Amino acid sequence: MNGLLFDVAHLLAGTLVLLSFMLLYQDRMFALLNVFALHAFVLSLSVGWQAFIQDAPHLYVTAAIALVFKAIVIPVALRRIVLRLRIHHMIETVVGIGPTMLLGMGLVALSILVMLPVTSGTDVLAREDLAFALSVVLLGLLTMVSRRNAVSQVIGFMSLENGLVLAATGAKGMPLVVEISVAFSILIAFIVIGIFLFRIRERFDTVDVHALEMFRGDRP
Amino acid sequence: MIDLGTFASDSVLAVPAAAAAVLALLPGYRVSARLNVFASLLTFAAALTLLFARPEPGLYLIVDDVNVIFIVLNTLVAFTTAMFSASYIAHELETGRLTPTFLRFYHAMYQILMFAMNLALIANNVGLMWVAVEIATLTTVLMVGIYRTPEALEAAWKYFILGSVGIALALFGTILIYLAARSVVGEGLQAMAWNVLVREAGGFDPALLNLAFVFLLLGYGTKVGLAPLHAWLPDAHAEGPTPISAVLSGLLLNVALFALLRFKMVIAANAHAVAPGPLLVSMGLASVVFAAFMLYRRRDIKRLFAYSSIEHMGIIAFAFGMGGPLANFAGLLHMTMHSLTKSAIFFSVGHIAQVKGTQKIADIRGLTESHPVLGWGLVVGVVAIVGMPPFGIFMSEFLLVTSTFARQPWLAVVLVLGLLVGLGALFLRLNGLAFGAPQGSTAPVQASHVPMFVHLGLVLIAGLYLPPPLVAWFQHVAGLLGQ
Amino acid sequence: MAVILDLLVQGVQMSLVLLLAPLLTGFVRKIKARLLRKQGPSVFQPYRDLLRLVRKESVLAENASWLFRAAPYLIFAGIWVAAALVPMFATGLIFSGSADLIAIVALLGSARFFLALAGLDVGTSFGGIGSSREMMIASLAEPAMIMIVFTVSLLARSTELSTIAQFMLSPSVGLRVSLGLALVALMIVALAENARIPVDNPATHLELTMVHEAMVLEYSGRHLAMIEIASYLQLLVYLSLLGCVFVPWGMAASGAGAAAYAVGAATYMAKLAVGGFLLAMFETAIAKMRVFRVPEFLGAALMLGLLATLLLFVSRGT
């Protein structure tokens with residue numbers, strides 16, 4: 001494996017992890033959307049590079065889907081939704097930035113510790129890909145957990161999906177079936193998100209999910 | 001001459017898909033409801049055919065010993081639920097809780113859900129199964145939120161978030177399984193096929209399999225509703241329309257558990273992988289005990305039975321965690337019996353909630369006097385679900401407890417404790433619901449009770465006499481499931 | 001004979017840094033002024049400032065202790081030694097065996113320690129403010145620096161700066177994301193340690209906004225001259241570190257001829273000029289942060305350093 005080829009893949013995947021960290025501390029809606037768009041863009045670059053290294057032309061399709069859908073269409077549409085819901089002025093109280101970052105570091109270390117020994121049989125590229133992918137997934141989960149705004153939670157979930165796409169492309173030779181399906185489900189999920197965000201805003205005049213807790217049925 | 005097996009397996013998928021397309025366009029309620037029932041009947045017939053004629057295992061679809069009974073069960077419950085839904089939704093239309101525009105949506109989603117569940121059951125590709133489970137999750141999320149009340153939206157949002165996270169973790173586990181298989185089988189579709197995976201699992205990397213199973217358990221376990229991943233379940237059951245509660249409890253939980261079973265078979269075929277037993281046992285027991293205690297404080301009737309579903313899923317997970325021929329048999333039997341009984345209970349609860357106009361337990365009393373058929377149906381259903389003889393659930397629970405007692409007495413004690421606590425809670429609530437002076441509206445219910453009777457009848461028959469072919473099938477699959 | 005030559009070269013470096021440091025600061029100030037469309041003071045003004053200060057009488061407060069009088073010399077000594085150790089135009093100098101990155105960090109750290117103590121010594125409130133803010137910044141900048149040291153040392157398999165520079169020159173370094181992260185982190189730490197915008201404004205006269213300047217408010221005369229040249233040297237040290245580790249091309253190898261040394265010196269001056277120019281541009285373009293935001297800024301450096309170290313474990317070779 002040529003050193004430079006590996007280094008570029010490593011660079012792109014490492015940048016993806018770095019962007020996941022950046023998602024953690026954004027407290028303004030537009031900044032969050034922009035970082036997410038960048039996240040998806042770096043993902044598409046990474047997938048495209050994998051397509052080049054693995055000589056797998058069908059991965060170019062996945063890269064294109066990631067670029068068009070997740071880097072362009074979804075951020076633009078979410079931007080419109082944010083403007084319509086009039087929450088772009090909102091500054092979100094992100095829970096304890098310092099502890100969250102340290103926790104994020106811990107998660108990255110954990111995923112490296114877990115994935116490296118387990119994948120000792122496979123080639124170096126797949127190993128680093130999977131370790132980074134798991135880090136991105138866990139960081140996306142952390143983003144979802146530390147947020148109160150419904151739109152931010154959705155963005156956290158989408159960054160989690162980006163990590164999954166990274167993992168799927170790292171697993172060399174995985175058939176296109178799954179890739180198209182992942183893209184398809186992104187679309188469906190987005191429709192659902194759109195419907196829900198509007199319904200939540202209609203009913204509660206806010207997308208703060210803590211407001212939803214008042215209506216949690218059956219409080220004993 | 002078309003191969004009957006291939007035709008049947010294709011129709012099990014094609015009929016719901018086509019019905020969904022048609023139902024999305026039909027405006028009238030009566031016609032839609034009838035078409036819904038008819039399409040479900042056709043699917044059930046196709047599934048029955050699969051008992052006799054199976055297609056050759058392909059790269060995408062497979063009908064083998066493990067999933068053939070599940071597909072029949074799935075389509076049967078889908079059919080009876082469609083019948084229940086026909087009368088239930090008519091009432092919702094009258095009271096104005098559901099507008100006609102949503103009806104097309106509802107019926108189309110129902111058939112898409114059936115399509116997805118059938119696909120998940122007969123898929124031979126791990127990724128395809130994942131996609132099917134994801135589609136099923138998304139359709140149920142949309143349907144849980146269909147009433148658009150604040151509570152319904154909260155339930156649907158919670159379900160969506162938790163379900164999506166679970167699905168994502170399950171995908172990661174799937175990728176890891178593919179990686180494990182790739183080094184032995186090579187790249188491409190055959191590294192994702194169930195039959196190939198089970199056959200070749202002996203040579204997979206054990207560490208990779210262990211890690212994969214953890215992710216899969218977390219992911220699909222969320223969809224099964226095992227504690228502590230169950231948070232979405234009570235709300236989703238309580239806030240959605242009752243046919244959806246019946247389908248969730250009776251079918252979707254089973255499909256998720258089926259996925260876990262398939263993976264357990266793969267792990268079991270590898271001698272060096274850590275046995276998934278202890279994890280399943282602990283999660284199962286935790287679910288049983290937790291749900292049993294939570295049953296006492298419930299004030300909403302659908303939520304009560306939702307927690308009962310969590311308890312039973314815990315029992316099934318415990319059974320498969322214990323492993324061995326007896327416990328596996330008990331688990332499989334319990335899956336079938338629970339599916340039938342719980343949906344029967346939801347059938348009666350649905351009509352009860354409609355006629356009384358409320359889901360609060362405190363406001364529903366004396367059902368056996370005001371609505372004898374529904375009331376006694378509920379009584380029979382609850383008696384069946386808590387595991388009293390002569391119903392089928394008693395058989396499976398008895399088998400499980402005795403086999404566990406022989407191997408791990410302390411676990412059996414905890415299990416029995418949980419079961420008894422749950423029994424107490426349900427009987428306590430049943431007492432208030434069914435007996436005493438009637439409260440609330442006493443208007444008659446114009447609905448068909450056939451679905452409820454069919455299910456309860458089947459459970460009773462199974463409890464008294466389990467047909468030998470069925471026993472043989474259960475034993476065979478129990479053997480395949482390993483330790 | 002060879003030893004004498006080596007000592008001579010090392011001596012050249014030690015005096016070179018002393019000569020260049022005020023010039024660098026003067027250059028940065030000139031560029032900043034020009035960017036603001038002002039004439040600005042001459043680039044040799046810092047030399048004149050130092051001369052003026054040395055000739056003035058040193059006024060001490062009544063309750064100043066021995067520490068107050070000794071601190072400027074200690075600070076100057078620590079930073080000058082650190083400057084002497086960082087390879088600037090040549091690797092493999094005679095003292096380079098002690099040119100351990102951790103030792104350099106420790107020297108700079110002790111200089112900062114004495115400065116903070118001196119700020120507290122006389123008991124004025126502004127000195128206290130300066131010292132406590134300086135320590136808050138240090139509590140984040142030090143770990144970040146250590147993380148950067150770890151990253152670079154793990155890659156080069158040594159903490160000696162000469163070895164690190166030679167590793168960076170070799171083709172085996174490749175394109176590493178960890179190095180990129182470490183570079184950004186080092187730049188942030190350098191800004192913080194040198195009391196530059198956005199952490200601290202070196203030209204401010206408002207005491208409540210000061211960090212570094214507040215600690216030296218009580219100094220005058222030759223003591224102040226020592227502290228001033230120490231801060232000029234510190235800027236030089238950090239820019240040289242950045243150049244030595246991340247932009248090592250042009251440095252003469254050990255034992256090369258005088259021509260190679262000359263080339264090394266020329267490239268070194270060019271690197272300083274570029275670094276100074278970039279610093280001036282950055283300071284002009286950005287505003288000073290409020291003090292409570294500084295930990296976030298430095299926290300980012302710490303995170304980048306941690307991430308850089310972690311990512312090394314997933315890359316090839318380590």
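Reader: What should I know before we start?

Author: This is a predicted model, in which local features need pLDDT of at least 70 and side-chain atom pairs count only at pLDDT 80 or more, while totals for chains, interfaces and linings use all residues. Residues are numbered from 1 along each chain as its sequence is written, chains are lettered from A and ligands numbered from 1 in the order in which they are written, and side-chain values use heavy atoms, leaving out hydrogens and water.

Reader: How many aromatic pairs are there over all chains?

Author: There are 24. Rings of Phe, Tyr and Trp (its six-membered ring) pair if their centres lie within 6.5 Å; planes under 30 degrees apart are stacked, over 60 edge-to-face, and the rest tilted. One of the pairs is B:Trp157 with B:Phe160, which is tilted, at 5.9 Å centre to centre and 50° between the planes.

Reader: How far apart in helix 6 of chain B are B:Trp157 and B:Phe160?

Author: They are 3 residues apart in helix 6 (residues 150-185), so about one helical turn separates them. Helices here are DSSP runs of H or I with at least four residues, strands are runs of E with at least two, and both are numbered from the N terminus.

Reader: Is B:Trp157 buried or exposed?

Author: B:Trp157 is buried, with a relative accessible area of 4%, and B:Phe160 is buried at 3%. Buried means under 20% relative accessible area, exposed over 50%, and partly exposed in between (1.4 Å probe, protein chains only).

Reader: Switching topic, at what angle do the axes of helix 1 and helix 9 of chain C cross?

Author: The axes of helix 1 (residues 2-35) and helix 9 (residues 221-246) of chain C cross at roughly 85° and come within 8 Å. Axes are lines fitted to C-alpha atoms, for helices over the stretch in contact, with angles from 0 to 180 degrees between N-to-C directions.

Reader: And where is B:His334?

Author: B:His334 is in helix 13 (residues 325-356) of chain B, and it is buried, with a relative accessible area of 2%.

Reader: Which residues does B:His334 touch?

Author: Not counting residues up to four places away in sequence, B:His334 touches B:His312, B:Ile315, B:Ile316, B:Ile393, B:Ser396 and B:Glu397. Contact means heavy atoms within 4.5 Å.

Reader: Which residues form the aromatic cluster in chain B?

Author: B:Phe70, B:Phe258, B:Phe329, B:Trp473 and B:Phe474 form one aromatic cluster.
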